[in-house]
Amino acid sequence: AGVAHEINNPISFAKGSLALVYQYFEKIKSGEERTREEQANILKEMEDSLHVIELGLNRSEAIVKNLSFFTREDPAGTQVDIAACLDSTLTLCPYAWLSKIKVHRAYQPKGPIIEGTSSQINQALMHILLNAVQSMEEYGEIFIKTEQHGDSVVISIRDTGVGIPKANLPRIFEPFFTTKESGEGTGLGLTITYKIIVANHHGKIHLKSEEGKGTEVLITLPLMQPGPQAFH
């Protein structure tokens, strides 16, 4: 439903701008005499409307492309580009949310590439990024960094949100545990993320947070899976 809404918005803007282009086109076709300034204004309005249409179509195309990447089912042992996963996940985040957030990317050059299932990695990253965005009361920043350390990759996602009370940190991965208002979350997002990272991909996940000073999520994933994967 969220993705459908995100696609509908740019399409609606594009359709509205297309209607304006038709209006300006009819004015030009009518042959009515106009000053050079009036003619220039009409052409400028048409150009602006075409630009909005282009932006709307590009946004819709990017969402559909990344949705396909996000949901594809990869066989065990597939090479997963972590940077591509992060970028596609960010594209699918609601634009209204990300418009108030400044995202800083510091990816390791040429990768990193790991063995795994991209759709599950995407799902885990989505839960973490949405939690980060939702922790921002007004405006904020998210810092994403990837580094390779030996035979592992470390992904750091740090936000400038409200942070997590110290008493809640030990329970953060418990099923159904949530600090959100009723109806705003199921309390399963980080539980699913933990299963994907730790159980399915033999990795580690650790949270560092201080109330009022934001949260950092550190994900460590092996470059190669040490044994059979439980991708289900």
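This is a predicted model: local features need pLDDT of at least 70, side-chain atom pairs count only at pLDDT 80 or more; totals for chains, interfaces and linings use all residues.

Me: Why is Ser88 called buried?

Reply: A residue is called buried when its relative accessible area is under 20%. Ser88 has a relative accessibility of 1%, and therefore counts as buried. Ser88 belongs to helix H3, residues 82–92.

Me: What makes the pair formed by Ser88 and the backbone oxygen of Cys85 a polar contact?

Reply: The distance limit for such a pair of N or O atoms is 3.5 Å. A polar atom of the Ser88 side chain lies 3.1 Å from the backbone oxygen of Cys85, so the pair is within the limit of 3.5 Å.

Me: How do you know that E2 and E4 are paired, and in which sense do they run?

Reply: Pairing requires at least two bridges between the strands. E2 and strand E4, residues 140–149, share six bridges, so they count as paired, and the sense is parallel. Val103 stands opposite Ile142 in E4.

Me: What makes E4 and E5 a pair, and which residue of E5 is the bridge partner of Phe143?

Reply: Eight bridges join E4 and E5 in the antiparallel sense, and the criterion is at least two. The two strands therefore count as paired. Arg158 in E5 is the bridge partner of Phe143. The hairpin of E4 and E5 has two residues between the strands, and Gly150 there takes a positive phi near 65°.

Me: How do you know that E5 also pairs with E7?

Reply: E5 and E7 are joined by seven bridges in the antiparallel sense; with at least two required, they count as paired. One of the bridges links Ser156 to Leu218 in E7.

Me: Why are E2 and E6 called edge strands?

Reply: The sheet is open, with five strands in the order E2-E4-E5-E7-E6 and mixed pairing. Strand E2 (101–106) and strand E6 (204–209) each pair on one side only, and are the edge strands. From one strand to the next, the twist averages 15°.

Me: What makes E5 a mostly covered strand?

Reply: Strand E5 comprises residues 152–159, and seven of its eight residues are buried, that is, under 20% relative accessible area. E5 is accordingly described as mostly covered.

Me: Which residues have the most contacts inside the largest nonpolar core, and which element supplies its largest share?

Reply: This core has 36 residues, and those with the most contacts inside it are Ile114, Ile142, Ile155, Ile157, Ile219 and Leu221. H3, helix H5 (118–134), E4, E5, H6, E6 and E7 each supply at least two of its residues. H5 gives the largest share, eight residues. A second, separate core has six residues, among them Ala14, Val21, Tyr24 and Ile53. As for Ile157, the residues it touches include Leu86, Leu125, Ile142 and Val217.

Me: How do you know that the length of H6 agrees with its number of residues?

Reply: At 1.5 Å a residue, the twelve residues of H6 should span 16 Å. The C-alpha atoms at the ends of H6 are 15 Å apart, so the span agrees with expectation.

Me: Where does H6 lie, and against which elements do its buried residues pack?

Reply: Helix H6, residues 189–200, lies across E6 and strand E7 (215–222), and runs at about 135° to E6. Its buried residues, including Leu190, Ile196 and Ile197, pack against H5, E6 and E7. Just after H6, His202 takes a positive phi of about 55°.

Methods
Residues are numbered from 1 along each chain as its sequence is written. Side-chain values use heavy atoms; hydrogens and water are left out. Helices (H or I, at least four residues) and strands (E, at least two) are DSSP runs, numbered from the N terminus. Axes are lines fitted to C-alpha atoms, for helices over the stretch in contact, and angles run from 0 to 180 degrees between N-to-C directions. Contact means heavy atoms within 4.5 Å. Buried means under 20% relative accessible area, exposed over 50%, partly exposed in between (1.4 Å probe, protein chains only). A polar contact is a pair of N or O atoms within 3.5 Å; within protein, one must be able to donate a hydrogen and the other to accept it, and residues adjacent in sequence count only if both atoms are side-chain atoms. A nonpolar core is a set of buried Ala, Val, Leu, Ile, Met, Phe, Trp, Tyr and Cys residues joined through side-chain atoms within 4.5 Å. The expected span of a helix is 1.5 Å times one less than its number of residues. Lists of a residue's contacts leave out its neighbours within four places in sequence.
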